Structures are given as C-alpha cells and as structure tokens.
Amino acid sequence: MLPDYFEFSLPTCVIYGIGIINQLSDAVAHYGPRRALLVTDAILVQAGLAERVQAGFRQTAIEIVATFDQVPPNSTIRTVEDCAALGREHGCDLIIGLGGGSVLDTAKVANLLMVKGGRVQDHMGAYLLGPMPLLPLLLIPTTAGTGSEVTKVAVIADPDHDVKLPFAETQFLPDLAILDPELTRSLPPRLTAMTGMDALTHAIEAYVDKEWSPAADGLALQAIRLIRDHLLRACAQPEDLQARGAMLAASCLAGIAFSHSMVGMVHGISHALGGVYHIPHGLANALVLPEVMDYNRDARLERYADIAEALGVAFPRPGAALDSLLRYGGLGFATPLARPLRALDRRFRRQAAKAGVAYVRTLNRQLAHLTGMPLNLRDAGIKDGLAKLEQVVETAMTDGSMLYNPREPEREAVARIVRALHDTAVTPLPVSTADLRPAGKRAAADEIRNVFQDAETLYRVLGGFFERLKSDPQIGGPLQASGLCVQFAFDPPAATMTIDARGDEVQIYRGAEFTGTPEVTMSMSGDFAHAFWHGRVNLVSALTRRQVVARGNVPKTLKLLPILKPAYALYPHYLAEVGMAGKIIR
Ligand code: NAD
C-alpha cells in the first residue's frame, strides 16, 4: 500500500569519483565566471583539503575570492553570521562548502543571509523563503554521514539557549554535490564510525517514519546495505577508497531518503543531547539508534524486519515458500500446512526485527573496539551525573523530528533511554576478519598527469603508436576491415589525429594533414588517451562522465574496442622503446 501523498524531487546534480575534484571543468562550466566564497574549517585547511579544492577550481572559470575557515563542529549562529559577512564583503556570487555537516549547514544558512539579510534566528523554521532564489551552492562532503549535500535542512547551534535550531528550505538543496572519496581519507577512524552511524540512522529513520514514500524506501534500504558492507572496513582500513566511496554514496542516498521522509525520535533525542551536552551528532545517533529501534519495533514490525534483512540478518519464510508451491506447483496435499507455516513466517519476521536491533548494538560495540568510539554517555562527555536530564527530555520532546516518529514518543521513554545510555556498562567487541570484507583495489590516486607536454610530443608518441598498430598482425587487419574514419581531438595539448580506414590502406593523419570529414569525432585530453591505451579506462563510462565527448556514429566506433584489446599490452612496451618508461602507469 502506498501513502496517500508523497513527493520526490532532487534538483541537486550528484557527481562521484575518486579524484573527481581535479575534473570539475564540465560539471561547473554552465556557471561561467564567478566569484566564489569557500566555506570550510581550520582542520580541513591544515589537512590540505582546502588547497586541493582550490587547485581543482583553478582549472575552471570559478574564482575563489574569499575563504571562511572558522566553522567549529556544531556550527553556531555567530559563525554563520561572520561567514555571510565575509561573502558579502567580497561580493561573492557562488558558495562552495567543503567539510562535514557543520560546514555544509553553515554554507546553506550563510547563503540565505547573504541574499535575504537579517539575523539567523529570523529564518528559523520551514519553507519561509517562498520562491526566492539563493546563490548557486556547491557542496563537497568530507565526512560520510550527514548527507547534508543533498538535503533541504540545516541545523545550527544556539549556545546561549542550549538548543540546535532547525531550518528547512527547498533552496538549501545545492546545485551540485561533489563526492570524492579522496577527501574523506583523512577522517580519523572514530569520526568515520560516528558519522557512518549518523548515515545509518538517517536510512533507518527514513524507512520507518510516518512520511515514508516508495522512492525514499529504495534509497534507504540500499544505503543500509552499503553501510553493512563498508562501515567496519572504512574504520579498520582508512586508506581503502572503495570502502570510503561506498560510505559516501550511502550517506548521500540516506540523505536523499530522509530529506523526503524526515527523521524521527532518534534525532529528537540526539539534537537535545547535542544542544544541552554538546555530544557529537553522529555519536549521539549511534547510541540512541538501537534503543529507539527497540521502542518503535512493534509499531513497524514489517519494516524493521526489512531493515534487519538489509543488514544481513537472514531468516526463512516457509509459509511464503509453501504458498507459491501451492499456487503454481499443484501440491494440494500440503494445503493444511499453509496456515501454521504462515504463522511461523510472522514469528520469524518478529524475531528478525528484534535481531536487527541486536545487530546495531553489536555494530556499535565493534566500532568501539576498532576506533575507541564511546559506548555510554559518561564516556561521551557527560560528567555531571546527568543533572540536566530534565532539560534534555524537555528539549527532545519539543524537537520537530518527534512529529515523524512511527510511535508517539513518551516522555518517560525518552528519560529512560537517556538514563540507560548514561549508566550502561556495555563493552567493546573484537571484530573478526570475516566482518571486514577484503580491501578494495587501491584506486589510481597517484595517476600520472600532463603526459604529453605539447602537441609535438603527442604526435610523436601517439602517432608512432598508431603506425605500430596499423602494422600489428592482430590489429592491422581488423582495423582496415572496420572501414571507419575516426578523428581524435585532444585538449590539452590541443592536437588532432585521424585514423582513416576507408581506403585500401589505413591512413594516419596528424593535425591539419586531414582535410576530409570524419565519421566520428572523439574529444578527450591527452592524459585520458594515455590511460586508455593502458586499458585503464572504460570508454562507455567515460562518455557518461563527459571525459570523452563523441560526435557521429559512436556505436560503430565502440565495436572497435575488442579489436584494440591487444594494444593495451603493447603500449607500455612501446613507451619504454620511445624513452617514456617513466610515464608508464603501473
Ligand atoms: P562535523 O562537520 O561537525 O565535523 C566533525 C569534525 O571532523 C570536525 O572537527 C572536522 O574538522 C573534522 N573533519 C571533517 N572532515 C574531515 C576529514 N576529511 N579529515 C579530517 N577531519 C575531518 O561532523 P558531521 O558529523 O559531518 O556534521 C555534524 C553536523 O551536521 C551537526 O551540526 C548536525 O546537526 C548536522 N547535520 C546536518 C544534517 C543536514 O541534513 N543538514 C544532517 C545531519 C546532521
């Protein structure tokens, strides 16, 4: 059954890739020349990430004219106002946010102040902007947790009143979200764990809460699966960019899901713990999540069973299996078993939902073992014996997230959960190697750049190589038989080469030597061609990523690919022969 009403839209373009921060030209070309404000924090500047982003944008028409790098964890009203003032002072007309949720949320609300003016508190609430457009916003997450790069919400702390102020505006959805796993590599394991549990919380709350919708459901379940397979690994092997990338994708999917379905009681309590006791958001979510799952379980039994399944809890369905056999397999004699087996299915699902809660508790303990993540609120920083429990409960009960929880949040339940999390003596749990999936292949982080310094070098190297292919016994014949005329337009360095197989003999032309009309033109950088001839890139996905732009009969050209396979082994040898062994990608 579907809900009575749902809506789904994602105006944000999401791009993902290891090292994609160096390849932004196409993705941002339509903005034209801009004066950008970069919003980030001091730690990210120190880690060199701000410089990497600046270098990436130097290859585009967007000029970063001011950098605000003073965002603290759990950004505050004052921070946002200072940030907006800097942007206004420099006449910025585009905002880039680089950081965790604290930075991204600051960029969102500073954008609002820069355009609309006023104080932060004036804008607290939901959908107050109407149709007023804000400045283009480009967000680059460096944690894999909040999903803020694809959500319409922002949370800013008001330290004078010990609360976190919520903001929701459609215009907070950025124009572009740039997911580059390289930029999360420096995130320490403990923060990786805490922010990863934030993402898991988003996915689980989005899936069970009152505003669920089918599109958000699909994203939430896939996010849960990705986190199941990659969170422990990202903590245990911080350099594993495949695990880092999967976590970034998961937090992005979970962000899209909860931006549509909203979150629930876990966030209500976590926001209160953040406001009153300054507990980091991800950690608060990690600790509160299994307790609220347990509280909500009976109100959404079926959905918690789905979650358990996505987490990898397998359970049998004998009733469903027999039902299909009865329907299609003609097993009439087994009909009396159908009812009791269906009842057994329900029991298994109930147990599975319970096991899902146990899974999350176990995951927290494993993360604690791997990263030192605290497992109770005392270790998380509450040193006053929970003297402000009443304030936490009061703040939680008035938090907007509570409205979406599938079960009415009761005051006593909130107090009980917070007290239990304070007093618990649960201990870390060692992680087996089976829990850590094999490390992914390390991505080509140290790829070789600017291989062909000028057109002359490119003509010499690639031109010579094409001549070699022409006379190769495995390649020359099929190339001739293809009858194709393909032109390669390189940039940088600006050069063209044309392979014309339409006549009796394959001809190779450099630059203006070719005066005809090619059937296909493929535009790419010299570095891309270099990686291609190593067999290191996929042309089809390069077309999707616009690393290659093709004009003409592309399918016919792609059919050539199998013919070219032997060339990938030849190219490194050829490079060595022509004195370019140092440029071989190993
Ligand atoms: P954070 O942004 O507060 O960052 C935590 C710490 O990690 C900071 O010290 C930061 O410098 C450091 N850090 C970040 N990336 C790093 C990297 N790659 N290498 C080294 N250090 C790095 O943490 P967060 O959990 O991402 O964000 C929490 C904030 O986001 C809270 O204010 C929370 O309320 C808010 N939030 C917003 C949304 C939303 O949709 N807008 C959703 C959830 C949470």
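**Overall picture**

I began with contacts in the protein between residues at least 6 apart in sequence, and 78% of them join residues at least 24 apart; contact here means heavy atoms within 4.5 Å. This is a predicted model, where local features need pLDDT of at least 70 and side-chain atom pairs count only at pLDDT 80 or more, while totals for chains, interfaces and linings use all residues. Residues are numbered from 1 along each chain as its sequence is written, and side-chain values use heavy atoms, with hydrogens and water left out.

I then noted 21 helices and 14 strands in the protein. These are DSSP runs, numbered from the N terminus: helices are H or I with at least four residues, strands are E with at least two. Along the principal axes, the C-alpha atoms fill a box of roughly 85 × 80 × 45 Å.

Of the 586 residues, 53% count as buried. Buried means under 20% relative accessible area, exposed over 50%, and partly exposed in between, using a 1.4 Å probe and protein chains only. The accessible surface comes to about 25400 Å², and 54% of it belongs to carbon and sulfur atoms; the areas come from the Shrake-Rupley method with a 1.4 Å probe, and for residues only the protein chains shown count as cover.

How many residues of strand 4 are buried? I found six of its six residues (94–99) buried. L94, I96 and L98 lie on one side, and I95, G97 and G99 on the other. In a regular strand the side chains alternate between the two faces of the sheet.

Strand 2 (residues 34–39) runs parallel to strand 4, joined by four bridges; two strands pair if DSSP finds at least two bridges between them. L37 stands opposite I95. Strand 6 (residues 137–141) also pairs with strand 4 in the parallel sense, over five bridges, and I140 in strand 6 is the bridge partner of L98.

I next traced an open sheet of three strands in the order 5-8-7, with mixed pairing. Strand 5 (125–126) and strand 7 (153–158) are its edges, each pairing on one side only. Strand 5 pairs with strand 8 (residues 163–168) in the parallel sense over two bridges, and G125 has F167 as its bridge partner in strand 8.

In the loop between strand 7 and strand 8 I found D162, whose phi is near 55°, a positive value in a residue other than glycine.

**Around the ligand**

Which residues are closest to the ligand? I listed D41, S102, D105, T142 and T151 as the closest of the 31 residues that surround it; a residue counts as near if one of its heavy atoms lies within 4 Å.

For polar contacts I looked for pairs of N or O atoms within 3.5 Å; within protein, one must be able to donate a hydrogen and the other to accept it, and residues adjacent in sequence count only if both atoms are side-chain atoms. An N or O atom in the S102 side chain is 2.6 Å from a ligand oxygen. For the T143 side chain, the distance from an N or O atom to a ligand oxygen is 2.8 Å. A polar side-chain atom of S148 lies 3.2 Å from a ligand nitrogen.

Taken alone, the ligand exposes 880 Å², and the protein buries 93% of that. Helix 2 (42–46), helix 5 (101–116), strand 7 and helix 6 (189–208) each give two or more residues to the shell.

**The loop between helix 13 and helix 14**

N376 lies in the loop between helix 13 (338–371) and helix 14 (389–397), and is buried, with a relative accessible area of 4%. The side chain of N376 reaches the backbone nitrogen of D379 at 2.7 Å, and a polar atom of that side chain lies 2.9 Å from the backbone nitrogen of R378. Leaving aside neighbours within four places in sequence, N376 is in contact with L287, L421, H422 and T424.

L386 is found in this loop too. L386 has a positive phi of about 70° although it is not a glycine, and counts as buried at 8% relative accessibility.
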